[in-house]
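Biologist: I am new to this structure. Could you take me through how parts of it pack together?

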Amino acid sequence: MKPSKQSVEKRIRGIQYDASPETHDKVIGSVLSAMTSCSQKHSGASALLGNLIMKSPVTKLAFAAVLVTAAIFGFQHVGSSSIAWADVVAQFNAVPYFSATVYIKEDVASDPKQMEVWMSRDRRTRIRIGTQVVFGNKGHVIKTFDFQQRQVAAPDPYAEQFMERLSRVEPFSLDAVIRVMFQGDMQDVTPLVNPDAVISQDMVVFDIDLPGTPEWVRIWALRESRLPVRFKIWDPRSGDGTDVVFEYANEQSDAFFDPNAFETQLQGRQNRSPVNMAYANLKDPGGKAMTPEDMFAQSGYHLPDIKQVGITPDGAVWIIADKGRNRMPDGRNVYGFSRLEDDLDREYVRVYASHVTLADQSQQVFVPAGYPFDQRIPGKLIVICEADDGRVRVEHELIGTVELTQWQQDQSWPDDTIRDPENTFRLSMAWKHCAQKRYDEAEKILVTIPGTPNESRMALERERVRLRMLFIQAAYAEAVAMGDGLMPAMKKEYQRWKGSSADPSLFTDYLTALACLGQVDRVKDLWQEIKATKPELSATLNRLAREHIAESTAYSFELCLRTMVPQMSQKAHLSIEQLDALFDIDIKHNEAFTHLGFWDWNPEFDQPEYKNWERHLADLSEYFQTHALPENMVLLERDKKEALKANQYKMPNIASHYVHNFDTHLKAYLKTYRYPESAGRVRIEAHIPEVILNHDLIYKPETPYHEMLRFLMDHFGLEVVEVNEPRTVWVAHYDGRALKDFKQVKAPVSPRVRDANGQLKAGVMSSSSSGGWDVSYLFQRFMRDQNSECKATGILIHDETGLAKIQEDTGMGPRLSRECPCWTGPDAPAIARKWFGDEFGITFTEETRTVTTYVIRDKAD
């Protein structure tokens, strides 16, 4: 039934975009009706369209998405009467591909939200909205990725609604769109040419005034091509609106619309640029760069142009080079040279690096490891330029090397280049030796720096290195005595600060040493005194400069607290409550401390699962007030399932027994019997029930874990026996080569992908540690992965490398690799042999040896 004019006016009158979703649909239905009203052939348009829209309410940006399509299709109906309809159809069908950018804002003060749409003639679609890239085909979402999280995601509702609208058009042609969208009755609302809104005859502008509302619609189109280039909806009451900008060009490649190609790039370890991922495989028709990757393709790498080189009397090598910046494919920049070598086989440390942006000039200083005492003069210098942006897990690509045989010997650098005096490099090396606990080497340098702390900044810094060495060695009384003496000089230095902010980190070691001696009140008084001390600022600084300094100083205090507060927690065992009172902070609700660890609190422990466990321990304690504790162990099945995470094992008011939480598959626990000693040597012959445990094991604190597992086996009718049998063993040997920096060693296979069963492929990274893995851990993981099915038939490793010697500072052997590979599957042994050999000089000889296997079986057998 055709709706009356009165009902339509009632439906439209007073509608605003801040109303309900149903109300939004009514407005958009009227807009689309208006756009099509001048087509006599398809005069019955609005009724069906209104029904289609009102059946599925969409938000405002989704309306705009509808209009992206509707404008392309509907414009053909609102053009000048001089345009023949057959020409319009032919012109539209000739457009193989289009893209549109949609902007929408909810009111005059809101930031616009953006959605980018690319669509091919065969209706393959790609959308970028927020951090998502959505792929579709014929109106159906195929796959969605979050390129920031680097994972598959649920599609954004806006994008999903846009795809749903497209699904109604089949096959994709102008006539088909009209048949689907423009049927039924329509309202007598005619778009009119607005000659006052255009300044060029090349452009045609149409306005649509909506009855009963001050909102209006405007369409800009090119007169010659009859293609729309912009679409605008505006509400003068609230300032909200929607803008759609169209582009037409040759169609993008198949890879651009391929979600599988995108996923492969997303998983690539090297590609970390969000811009590269958001616009992966997008090519500008005019040949302009769209991404950092495109920029790199145009420029590539180059060697900096060395202008001057010299060696100071103390042996510092300085280099001034033009064209110092290299831009990497991921958008990061690297400057100058990353390493220096010489023909004396000395190790060099880069102690200074700066870059003059306008001149594109790099200025660097390298010193030998024995600086300033190793003053040998080399015959040749080799400067190395690498794509080294400081990330430790990325292999640095070599850009090139330059060999030098001529330089300015016993000369310092030119004025107005390197800003730091050379004696600061002595302090840099002293700090480096201190951090690596080479205290004798540090002191050897420190004694060469003259002056008193009250008169010389360098002398004060010298004493701060000595204070740090005392603090690291837990000589807190000596550190406090030194800090007492240095406090006047540190206050003076703090006040005469030069830079963008005052630096309270001057006092960190001294204050933490005081806390470790229990002098908490002194810490609080001194901290308040430091906060009240105002740096001496120049009278010429304006208000904005002073505000910037105040903000930077506040941030410096936050950084200082992020270092000092966890140290006082871990070393002085101050509670969270004590630290809050000491520094007038709220650690548990301050984002600055969210990812830091504390002696008595971890942010993760506030999650519901940990709170459930705390309550559960209290319930168990109450239970054992009326029930006898076991003489040894007892396994109790819980009467309900709930999410639990254990961070402690003590029940309140019970010191004689602990609680262990068993809450996953039984087989997962059995596989760890006597691990790591048993790595690769556990065989499960019994039929293990597919049961997920929900049990508490009550045990005495001195009970070994393998005895706890034996008790668990006994409960389920299982036992473990030891069997001596022949096995294939790799005997590992080390060729004595210098080990690489473990931070530079990564898994042999990239990207990190899984097979059809969801299992990691052999050779990809399975785990990583910022502290690195030693040889024992790497071998244990190899044997464990080779025995993933618990048949005890995989390869074992006997370590004769000598690399497992325990180091006192780490409690483990030398760290070999930051990443540990996955070693499951038949391809793993060959990959492992090559990786251990190439990276560490570890080789294997294969033998057959008799070893002990731990066989888990049914008792009845």
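Biologist: How are helices H15 and H17 oriented relative to each other?

Modeller: In this predicted model, local features need pLDDT of at least 70, side-chain atom pairs count only at pLDDT 80 or more, and totals for chains, interfaces and linings use all residues. Residues are numbered from 1 along each chain as its sequence is written, and side-chain values use heavy atoms, leaving out hydrogens and water. The axes (lines fitted to C-alpha atoms over the stretch in contact, with angles from 0 to 180 degrees between N-to-C directions) of H15 (residues 508–516) and H17 (residues 543–572) come within 9 Å and cross at roughly 25 degrees. Angles under 35 degrees count as roughly parallel, so H15 and H17 are roughly parallel.

Biologist: Which residues of H15 make the contact with H17?

Modeller: Contact means heavy atoms within 4.5 Å. From H17 come Cys560, Met564, Gln567, Met568, Lys571 and Ala572. The H15 residues are Thr508, Leu511, Thr512, Ala515 and Cys516.

Biologist: Which residues touch the most other members of the largest nonpolar core?

Modeller: A nonpolar core is a set of buried (under 20% relative accessible area, 1.4 Å probe, protein chains only) Ala, Val, Leu, Ile, Met, Phe, Trp, Tyr and Cys residues joined through side-chain atoms within 4.5 Å. The largest has 42 residues, and those touching the most other members are Met568 and Phe583.

Biologist: Which helix gives the largest share of this core?

Modeller: Elements giving two or more residues to the core include H13 (457–472), H14 (476–495) and H17. The largest share, 8 residues, comes from H14.

Technical notes
Helix = DSSP H or I, 4+ residues; strand = E, 2+ residues; numbered from the N terminus. Parallel < 35°, antiparallel > 145°, perpendicular 65-115°, else oblique. Buried < 20%, exposed > 50% of the residue type's maximum accessible area, 1.4 Å probe, protein only.
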